[in-house]
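These are my notebook entries from an afternoon of looking things up in one model.

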Amino acid sequence: MSDINSARGSSSETGRIRKIVIVGRDEALWLAAGTLKTSFSHTGLEIVAVELPSLVRSVDVTPTLPTQSVFHAKLGIQEAAMMAVTQGTYSLGQRFANFANARPAFMQGYGSCGTAINLVPFHNYWIKARGLGLKAEFEDFSLNAVAARQGRFFRPDAETDKLAECDYAYHLSAGAYCQVLKQVALKRGVHHVQAARLCEVSHAPENGHITTISLSNGETMSGDLFIDATGADSLLLGGALEIGFESWQHWFPCDRLLSASAPALAPLPSFSQVSAFRSGWVAQFPLRDRTGIRQVYSSAEMDERAALESAVVVTSTRFGTDSVVTPYAAGRRQVPWSGNCVAIGEAAAVFDPIDNVGIQIIMTGLAHLTSLIPLDNDMTAERKVYNLNVVSTFERIRDYQMCRYKLNRRFDQPLWDHCRDMTVPDLLAHKIELFAARGHLVEYNDETFIDYDWWSMFLGHGLIPKAYDPLADQTPDGEIIQRFQGILGAIKNRIMWMKPMEAYLPS
Amino acid sequence: MTSQIPRRIVILGGGTAGWMLAASLTKAFKPQDTTVRLIESGDISIVGVGESTLPQVRDFNEFLGIDEAEFMRETNGTFKLAIEFRDWAREGDCYFHPFGVHGHTIQGVPFLQCWLRAQAHGHSFNIDDFCYPSVASREQKFEFPSQDRASIRSTYSYAYHFDAYLYAAYLRRWSEKRGLRRTEGTVVDVTLRPEDGFIQSLTLASGEVVEGDLFIDCSGFRGVLINQALKMEWEDWQDWLPCDRAWAVSTDLGGDTNATTRCTAREAGWQWRIPLQRRIGTGYVFSSRYTTEERAREVLLENLDGPAQGDPRLIRFQSGRRKNSWYKNCIALGLASGFLEPLESTSIYMSQIAVTFLMALFPGQPVNPVLAKEYNRLVDIEYTRVRDFLILHYHASGDRGGDLWRHVQTMNLPESLVEKIEIFKRRGVVPRYRDGLFSPASWTAVLTGQRISPTGYDPQADNIDLDVMLKNMAELRDRIAANVATMPGHADFVREYCSATPSPSSRGPIHV
């Protein structure tokens, strides 16, 4: 029927992609190497990982999103073994405190809240009931949130699936996690080269493509496709190819990350805690042997000493002596892929640390790249599609994070007043406006966070719609009350059977 | 807090769009909260003869709680598994656009990529053979998809062919039984509120003044409210989709009995063939720029499966859409909102999706403009997606001769379509997006069916052992063929399930 006889893995044998050189360090380097090697192990595509010195410190913690277990499965990472070596804990959600003067803290679970009634999403009924005096919080209808609050953990199974969509994320010790990723990549046969630094980058005169890189160990490395996994330095894309940086700092005014360790918590919470304060926020990530602390703040408001003192006060704990402050600036490179160079992770875009999207950003890039590994040196078509989709995905994640700042109710504090008053991008403004008016969620292409994430986030931060879907009025109040009681009862029953998280961790 | 439901909803026009909305509102809202009134003039005939639908229409019927067998009996309905395209990219070509996917991933690699790799190694499989409903279509078979998710027999969906006039009549009976008030009448005047230009009332020829909070314009191309009263602009797409007329006729039964809509390319357009239970609906969609009405009529009459039932009827239309379908307190549905030719059976879907959006964004009082903004954004996506997909069929028509075909083969395409074709040509990447028709499987069917040939494929496919891959593909093809062979014939299935022939045991159609 069709005459596609000319199709080939490569459209021109001479320009064929035979060698991919990944330059970078830590999670981005090893996730890229492991992922690509897994997908192309039998194709003759050579994958080289050029490892620059690690920037991971003993205090660093890697919190992930719930999707990470899917990527681990593809890479063949065994959960139990990984949890054992990384001092890891599971997370059912995040608890946000002090983002509003007059509202209590809220738990945002990695899962759904309630279930639709007569095809109308649950939150519409909650909004209606709340207007009629219901006291139960939205999160009370989330199995994840209630389990987290009560110090329990569970793995979703057929029984919990009947109640809600449930998921969990990880808190991992960064250094040990990098070692896990590195071992996976090396075991799969990635060619490993170490160098203290990158010395020089040569370009092809005709198209500006990178031809070779020379390393401090004297080695010169040629390649067809170069992956920049060097982190925020963006040595290849930003440095050698001079792709400009678009700042997001007017939306994310914090520019310092303080990392520290505090004593381990007992029992271990199955969630992370994020507490806003005058000049930023502090997050606590439980690990088995310590608590990872991340404080994000604006250097315009406080110096390092003040930041450290403040973090200790907000978390009411003591820190180890290895606390360290790292400057950062949220924003993205104008394009993540230029010429024959694809930037992965922070080399492409630096996200605010809120919502723990760092690893997700790496995986998003790799997922798109895996299905668009160019066929030959003329990679215009792949580059175009990749840049379009990846930038759009980045912007939707950025918009979600931005809401945490935009929707704050901390009045009379300059940083938070600025955030509340800032103009947000049009697509997000439309989303907020429609939710505020009617509880209706606008969803765009390339969303990473799905409907229940947005509903919980909006409502948790106090964006309570002025009206709800009129179809919600068509279900009799008695039936709604019954359904509400049914959900609350089922959650209560389920949680009785749940154990504390310690029971799920390797002994 | 209340949801502030509009108390009075007025629907102008009782075509398929009007009655689909009327039925939805009747189902969704308690009559004590909301009155729905539909005004239609008895003397305007409904455009559309045999109608071909998409599987989404089943969700709609299910929402209303309609009994499928009864509905099919009463609308002369048959099943549909695919559209069969004949003679498009090349004379003698035949491919299916099915309600199902082609193959399954092999070791995580998309099937299309495996198929392309097989081609590159000289194994020219027909891609239709890997799609269950395509094979069932070809073999003139039908049965309901299996509920067993592991079975190959669950890998498809289905839709209907029915008589659109009977469907509207069915929905009318359904709605009136549940309290909908229908008024026969013609609008002679529309009164706008002086302060904001919202519609206040309609004046009927009888002299009655009908007031309302929300007005739905289902009055067809004329757009009595959205166009004539509110002057909302029309965006013309005839340069991309130049067909603007159709001759339509019914014939006696004859020829194949597939659960399939057939679209055959002709000299200045294309011919549809929609098999119903007691007749076949057919028609020739053509461009008056490139042929004459007389010639088009001849072409249709030369290509009938059985004796014509009466004379062909001429239908006029133009492709395009209203710039905003929701403006102030008026929402246009159906042809008042836009028109795209029925090449991909989208007309009922477009009404249905508009009803779905409207229900999800149903306004309170006063109408919040942000609801209209979102509604228009979503409707805009739907129209644009279908438009691009239709243009693809015309544009990628190989070396078909004739002035119409030369025009569409060489015209400038919308940028949104150029990008999709470009990456497909390079390496078989099919479009994938959140909102709007069509799924990657649909794009796969039409892009390959129209002979757009990728020059390369995803190197991930090379990761699979070639023999394992080929064996996997051959097994799948054979498993589909073996399963389809045991299915009942479509004609037999319809006769058993929902025969429209009056018999003592089954209730005949109720005529209104």
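In what order do the strands of the open sheet of 6 strands in chain A lie? I read the order as β8-β2-β1-β12-β21-β20 in chain A, with mixed pairing. I took helices (H or I, at least four residues) and strands (E, at least two) as DSSP runs numbered from the N terminus, and two strands as paired if DSSP finds at least two bridges between them.

Before going on I noted that this is a predicted model, in which local features need pLDDT of at least 70 and side-chain atom pairs count only at pLDDT 80 or more, while totals for chains, interfaces and linings use all residues. Residues are numbered from 1 along each chain as its sequence is written, and chains are lettered from A and ligands numbered from 1 in the order in which they are written.

I then followed β2 (residues 46–51) of chain A, which runs parallel to β8(A) and is joined to it by 4 bridges; A:V48 stands opposite A:H191 in β8(A).

Entry on domains. With bounds from an automatic or database domain assignment, I have chain A as domain 1 (19–88 + 172–249 + 330–397), domain 2 (111–166 + 425–503) and domain 3 (256–327). The centres of domain 2 and domain 3 of chain A, taken over C-alpha atoms, are separated by 30 Å. Their contact takes 8 residues from domain 2 of chain A and 5 residues from domain 3 of chain A, where contact asks that C-beta atoms, placed from the backbone, lie within 7 Å.

Entry on a helix pair. In chain B I looked at α9 (residues 347–360) and α10 (residues 369–395), whose axes come within 10 Å and cross at roughly 160°; the axes are lines fitted to C-alpha atoms over the stretch in contact, and angles run from 0 to 180 degrees between N-to-C directions. α9(B) is therefore roughly antiparallel to α10(B), a label for angles over 145 degrees. Among the residues that meet there are B:M350 and B:F357 in α9(B) and B:Y375 and B:E382 in α10(B).

Entry on the two chains. I noted 42 residues of chain A in contact with 43 residues of chain B. On the chain A side, α1 (26–40), α4 (122–131), α11 (380–406) and α13 (426–438) each supply at least two residues, and α13(A) gives the largest share, 5 residues.

Notes: Contact = placed C-beta atoms within 7 Å. Parallel < 35°, antiparallel > 145°, perpendicular 65-115°, else oblique.
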